[in-house]
Amino acid sequence: MSVKNNMGKAKSAILVTGRALNEGISFLVFILLDLLDFILCLVYKIADFVVEAEWKPCYCCSSSAKQAMAVTSTGKTILVSEKGESTKIVRLTSTKLQLEDVSDTLYTRPSLVSEISKTTVNELRRLNKMTTKTTANNTKKNGSTTFTVNSTIVEMLQGKIGGMQSFPIPRWSDCDCSTCCSWTTSSKDALFVHSDGAKPGDKTSTEDVLFIHGFISSSKFWTETVFPNFTAATKSKYRLFAVDLLGFGRSPKPTDSLYTLREHVEMIERSVLETNRVKSFHIVAHSLGCILALALAVRHPSKIKSLTLIAPPYFPVPKGEQATQYVLRRVAPRRVWPPIAMGASIACWVRTYLMEGFFLHTHNAAWHTLHNIICGSASKLDKYLDVVRDRLKCNVNVFHGRDDELLPVECSYNVQTKIPRAQVKVFDNKDHITIVVGRQKAFARELEEIWSNSSSSSA
């Protein structure tokens with residue numbers, strides 16, 4: 001008995017020591033990265049000014065703000081205002097008023113380096129005062145409403161509305177190859193969609209399935225794994241659509257897009273649902289794709305036949321916490337171990353040209369999508385899950401790997417807490433990727449069973 005107790009104490013001591021080392025090393029590493037980020041920002045800005053004779057808009061100066069007037073172009077007006085934890089973009093068209101959210105984590109990520117900078121601290125205080133007075137301080141100039149917003153977003157929106165680029169393309173830092181410059185296109189006609197299975201002209205009764213990939217991925221996450229493992233009977237009955245999200249894979253990567261939740265969802269609707277005349281459908285989504293799946297379910301509650309969520313990034317936000325910043329800390333805890341946590345932390349916190357090579361031509365889309373979808377939707381997910389629980393009658397299945405070091409298993413159990421009928425399956429020795437990759441044949445069978453049961457229950 002004493003031997004076991006000693007072994008237990010030794011194991012506990014090793015774990016505590018390991019955590020302390022991880023935290024200590026992580027603190028030092030990310031302090032150095034913050035410094036490097038700050039230095040590279042200045043270096044590239046100076047290079048921009050020398051070579052291009054102008055600054056390139058960026059989010060490095062987190063608290064910079066300016067007055068932006070409503071801009072009108074071709075019958076469309078975009079008004080921007082800042083309130084609380086996100087920038088609201090109101091798009092007024094001839095038929096409807098649209099509202100989009102831009103997460104404050106794009107330009108507010110507290111670090112020791114920023115906190116010890118007196119200028120930054122003063123600017124943050126000034127921004128905070130402006131933010132709290134935004135509603136009261138909207139003023140009129142020449143009949144137009146003005147708002148205080150982050151300056152980088154203003155410059156992006158001006159280009160987005162007026163059709164003008166605020167900086168030349170290609171730039172001195174671009175290699176000018178077709179791959180690295182493909183993200184600069186403004187084409188947003190449709191997403192790339194891989195279709196498989198039953199054809200529209202088939203006489204047999206068919207059903208539709210939409211597959212949505214996760215962050216920094218593409219439709220190949222599905223087409224190279226589960227698609228080849230579906231049976232002939234499944235492919236004769238179901239139309240399978242795997243989409244490349246806006247800014248990823250072979251889909252358009254417009255430089256003037258803010259990659260908000262609305263933009264992603266509307267592109268999926270236009271490229272898949274409308275183009276293929278989808279009336280009802282199943283959804284299979286992984287990681288970030290789960291947020292888009294829930295948003296689609298809320299917009300089309302009567303059309304959803306089943307929801308299959310794999311490693312959903314759902315962190316209930318404690319009362320009093322700022323939702324976007326809370327989720328940012330959970331998803332990217334600024335730790336060097338495990339490696340996937342370090343990768344997520346660098347992707348979330350360090351935004352300079354360090355990431356350009358990693359993201360290649362998708363860095364613009366990846367950065368905005370990560371913050372505006374994963375962090376920016378933090379305050380929306382509770383409402384989405386409530387709608388799925390109360391208004392949708394479809395089956396909800398959740399899969400998670402017990403060894404997932406990016407999104408913990410508790411995320412899936414949190415979903416089940418909100419939607420009691422959700423069936424949660426946790427797989428041992430599987431992580432964020434191997435929950436699908438490596439067990440694709442078994443997963444294909446599980447999906448076929450889910451769709452079959454959903455069809456039977458709705459019959």
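**Close-up 1. An aromatic cluster in the predicted model.** Phe-211, Phe-221, Trp-222, Phe-227, Phe-230, Tyr-238 and Trp-451 are linked into a cluster by ring pairs. Rings of Phe, Tyr and Trp (its six-membered ring) are paired if their centres lie within 6.5 Å; planes under 30 degrees apart are stacked, over 60 edge-to-face and the rest tilted. This is a predicted model, in which local features need pLDDT of at least 70 and side-chain atom pairs count only at pLDDT 80 or more, while totals for chains, interfaces and linings use all residues. Residues are numbered from 1 along each chain as its sequence is written, and side-chain values use heavy atoms, with hydrogens and water left out.

**Close-up 2. The ring pair of Phe-230 and Trp-451.** By the rule for ring pairs, the count comes to 11 aromatic pairs. The ring centres of Phe-230 and Trp-451 are 5.4 Å apart and the planes stand at 40°, so this pair is tilted. Distant parts of the chain are linked by the pair, 221 residues apart: Phe-230 is in the loop between helix 5 (220–223) and helix 6 (232–237), and Trp-451 is in helix 15 (residues 440–458). Helices (H or I, at least four residues) and strands (E, at least two) are DSSP runs, numbered from the N terminus. Phe-230 and Trp-451 are both buried; buried means under 20% relative accessible area, exposed over 50% and partly exposed in between (1.4 Å probe, protein chains only).

**Close-up 3. The ring pair of Phe-399 and Phe-443.** With ring centres 5.4 Å apart and planes at 90°, Phe-399 and Phe-443 form an edge-to-face pair. Phe-399 belongs to strand 13 (residues 395–401) and Phe-443 to helix 15, so the pair ties together parts 44 residues apart in sequence. Phe-399 is buried at a relative accessible area of 1%, and Phe-443 is buried at a relative accessible area of 1%.

Close-up 4. Leu-447 is buried, its relative accessible area being 0%. Neighbours within four places in sequence aside, Leu-447 is in contact with Phe-211, Phe-230, Val-284 and Thr-308, where contact means heavy atoms within 4.5 Å. Between the C-alpha atoms of Leu-447 and Val-226, which are 221 residues apart along the chain, the separation is 9.3 Å.

**Close-up 5. Arg-439 over the ring of Phe-427.** The charged end of Arg-439 sits over the ring of Phe-427, 4.0 Å from the ring centre. A charge sits over a ring if NZ of Lys or CZ of Arg is within 6 Å of the ring centre and within 35 degrees of the ring normal.
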